[in-house]
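Have a look at this model with your sequence viewer open.

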Amino acid sequence: MILLLAVILFIRSPWGQGILVDKAISYLEGKTGAQVGIDRLFVTFSGNIFLENLYISDVNGDTLIYSKDLEAGVAFVPLIRTGAIHVSKFEWEGLKARIKRPEDTRAFNFDYILTSFASTEPDSSTVAGSEPDSTSLNISLSPVSLRDFDISYQDEVLGIETSLALGDFELNIPELDLNAFSFGIKDIQLSNTQIKYRQTKAFPPSEASSEESTLPKIKIDNLGLHEISLIYDNQVDQQFAELEVINLGISAPSLDLVNQDILIESIQLSDSKVLFHDFSPSTTSSDEPEDAPPFSWPDWKVKLSSLVLENNTIDYKTSDSKITEGVFNPEVLLLQDLGLEISDVLLENEKASLNLKSLSFREGSGFQLRDLILNGSVENTKAVVKQLFVSTNYSQLNSTGNFSYPSIQTLIDSPEETLINLSVDQFSLDVRDSYFFAPELTSDTLIQELATAPFEGNLAINGGLSKLEIPTFQLNWRETDFYTKGSVHSPLNLDSLYVDFPQIELNTNKKSLQLFASESDFGITFPDSIGITAQAKGSMNDLIASLDLQTDLGQVLLDAGYKDQGLLEFDVNLQVQQLQLGTLLQNPDLDTLSMEINAKGQGNSIYDLTAQLESHFDKLNLYGSDYSGLQLSGQLANGDGDVSLILDSEYLDFDLTSSIQLDSVNSKVGFNLNLKGADFNKLGFSPKEFRARLQMEGNFEGNPDNFKASIGLSDGLVLYDKKTYPTGNLNIESLVKPDSTSLIIESDVVKGFVHTNTNPASLGIALENHFLNYLAVKDSSNTELDSGIVMNMDLSIFESPLLNEVLLQGLEQLDSGRVQLAYYQDLDSLEAVVSFPYINFSGTEIDSLEFNVHSNLSNLNMELGFLNLVAGPLNMDETSLTGVMEDSRIYFDFSSYNETEEVFHISSDLGLLGDTISFHINPENLLLKKTNG
């Protein structure tokens, strides 16, 4: 004992310190060649080793390691008795290390020290064939304290730059068994620490290791991180991460990775930030995705009692773009004020459960998840959602649900076999939430109106995708209410879709309709109240429906049936009761309408349709006249039949009958109108006495692309202002084919023809292109035109008493006029002449009126003129207006004479560019001379 005390006093004495330090320095410098410095090295009274101000240089004489204070102690009694290592104290303060490996030498700056201690003699501690010691190695570290570390590592060979600035680290491990790889940690505390890692080169490929790593068993009573900063900068893969942990606490009584048993008591993270920017180039694989392996539950037992996040931030980017207010971008996410509270997370015995008490955040675009609550569980054959509550900027949803399925694998492969029991007790959905994900909706006027109020209601769904029962679905928006209940079979397959909704109700009003449509635009007046009751049952090819529309302006009833199962069938009954047409159509000359129409038929197509049509009008008052006797009826048998429209009233009496023969290639339609009498004055169409009777016949044969048609009027008589006027005969014949068109008119007023060697559509496009050519505008259609199109038109207009005194009242005299037009596509030539020798209309006289157009590939000339115009005080002699188109502009020249003297002359031009019209008057030769009347 005296000897041990003497040794301790010797070591702690200045004389002894000098000897020990000098010996240690001399040995290290002599062995390694490094510069070594030690202020003090001694054993404390408690038996600990204390080292103060240790310095070791690297191969270049720079600092390799500097340690301010290091004190370590090991309990010798347990070590001697059991071999257990009990570190009774380990305090290290002020460590500074600089580790480097330059590119040129490819050697670490400490390699020379390792080389100096390397021995070529065989290690006597390792003998071939010896077995490892299986004795458990028990270690305890209590306490361990590290403070004020400054360590950097620069490896130019691998392209690694990393540093550690450690503020304070406290560790207490009462139990540590390296053989069993078991760690019993009582306390870990790390604070005021910064870690930086930078990668500038790609790592060389590494070989996969076949050795199995030993998994640990860990127990953590308390882990705390405070004011921790971690920066990761991978310049090779363009990835950057930054982690700022202000407060993190973990308590995990058992992390048994060997037996896969995890028990975590609590995790708490607050006021922290996670940033990850990944701009690495995207890689696409041409390989087809492999089939996912069959589902199996993880062979783990996990229990988490509490997870709490408060006031955290997540910054995630996969694109170098800026955050835009109001626009959600999944490539640029910024979650602020992130809060999360979870309890009772359990994974055990093929069952998982979760109680998410709260989740909230504010995204950089402005979208907010105000709250998310989810309490549920998943098992092999069922899933239960005890509560699901979601609240966003403007919307809310609260629901519960149960889901059953044969197995989870069936749920993945065949979700349609899942049985659903879902109840949405309350929802309030606001369109404005969608603006973040589809900003273009903000400019949609319809969406803007829908966004003025949320959609509120509730919903219940039972059953599976083979048959969904909807016990209730209620929806409200502003003053509009919708309700329905029913069932839907096979909703994902239109061919098998079947619906049964015995109750559909909709109630709204004028105020709601006016938000989406203007009465003035449609020329109608909306009803003040609208109520719809409907039912629907059937499939896409066999449907029965009824509708009852009730408004304050009348009622409409509809019953309809439709089938398309090899044979098309329909049965419709439409009733209109007391519909106030005058108010609805804003026309006081219209009155109340009450009518019923029945239509029923069947056929494979419209061409072999067998149908019946009947209608009667109980009330039909138009312009003060009663048309309630109007009858519409028809009957078809295999596409052939008759349709008739008959009215026998006081002021209008006519029979309209038609015969129909429907055919996909050559249909035939003929009609006969016998107007027995019409009093247009009593009917409200003429202020004077105006009556008429006539016979009209018409025929159509062919199809829309190839047909011939004719209309004939005869036996016509008009009584106007106590004078009788025969209408004469009118015959119009037309023939349309893909390669020719013909129209011939014969009457007392108009006579002439139109002939062309193509169809009307192609002729119209050819004429349009002819004129657009002068504006340098090409036709954008894909219609291929025939070449060599020729068109001739010649119409003559004659004076008659019917034209002068009835149709154009005020026409006092009309000398026969003529309209001629000739077009030749190959020559790109068009000639048009309109001439009227003399017109006297209500005292206005025009002598020798002519209008001519001459155009070809390069020129377009127009001329309008007359010899004399007299209209009250206005008296103009020879006058002409000419126009010439050049360079997409029309140059006009206007001249007018008084006898032989020119009194007016104006030159001007007009141009069109896009949607802009320009007009210019040329001052040269401008003449405006006052004449004496």
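Here is a short tour of some local features.

## Ground rules

You're looking at a predicted model, where local features need pLDDT of at least 70, side-chain atom pairs count only at pLDDT 80 or more, and totals for chains, interfaces and linings use all residues. Residues are numbered from 1 along each chain as its sequence is written, and side-chain values use heavy atoms, with hydrogens and water left out.

## Strands around β45

Strands here are DSSP runs of E with at least two residues, numbered from the N terminus, and two of them pair if DSSP finds at least two bridges between them. Take β45, residues 829–841: strand β43 (residues 811–814) runs antiparallel to it, joined by three bridges.

Y824 stands opposite S829 of β45.

On to strand β46 (residues 844–855), which pairs with β45 in the antiparallel sense over 11 bridges. Here Y838 has D847 in β46 as its bridge partner. This hairpin has two residues between the strands, and S842 takes a positive phi near 55°.

## Out on the surface

Where does S282 sit? You'll find S282 in the loop between β13 (273–278) and β14 (301–317). With a relative accessible area of 68%, S282 is exposed; the scale is buried under 20%, exposed over 50% and partly exposed in between, using a 1.4 Å probe and protein chains only. From S282 to L146 is 136 residues in sequence and 43 Å in space, C-alpha to C-alpha.

There's also a nonpolar surface patch of about 400 Å², made by I195, L230, L243, V274, I314 and Y316. Patch residues have over 30% relative accessible area and no salt bridge, with nonpolar side chains (Val, Leu, Ile, Met, Phe, Trp, Tyr) joined within 5 Å and like charges within 9 Å. A salt bridge means a side-chain nitrogen of Lys or Arg within 4 Å of a carboxyl oxygen of Asp or Glu, and the areas come from the Shrake-Rupley method with a 1.4 Å probe, counting only the protein chains shown as cover for residues. L243, from that patch, belongs to strand β10 (residues 239–256) and is partly exposed at 31% relative accessibility.

## Aromatic rings

Rings of Phe, Tyr and Trp (its six-membered ring) pair if their centres lie within 6.5 Å; planes under 30 degrees apart are stacked, over 60 edge-to-face, and the rest tilted. That rule gives 17 aromatic pairs. F90 and W92 are edge-to-face because their planes are at 80°, with the ring centres 6.1 Å apart. W92 is partly exposed at 22%. W92 and F149 are edge-to-face too, with centres 5.5 Å apart and planes at 75°. That pair links distant parts of the chain, 57 residues apart: W92 in strand β4 (residues 85–101) and F149 in strand β5 (residues 138–155). F149 is buried, at 7% relative accessible area.

Elsewhere, ring pairs tie F328, F367, F436 and F437 into a cluster.

## Charges over rings

A charge sits over a ring if NZ of Lys or CZ of Arg is within 6 Å of the ring centre and within 35 degrees of the ring normal. R432 has its charged end over the ring of Y394, 4.0 Å from the centre. R478 lies over the face of W477, at 5.8 Å from the ring centre.

Technical notes. Helix = DSSP H or I, 4+ residues; strand = E, 2+ residues; numbered from the N terminus.
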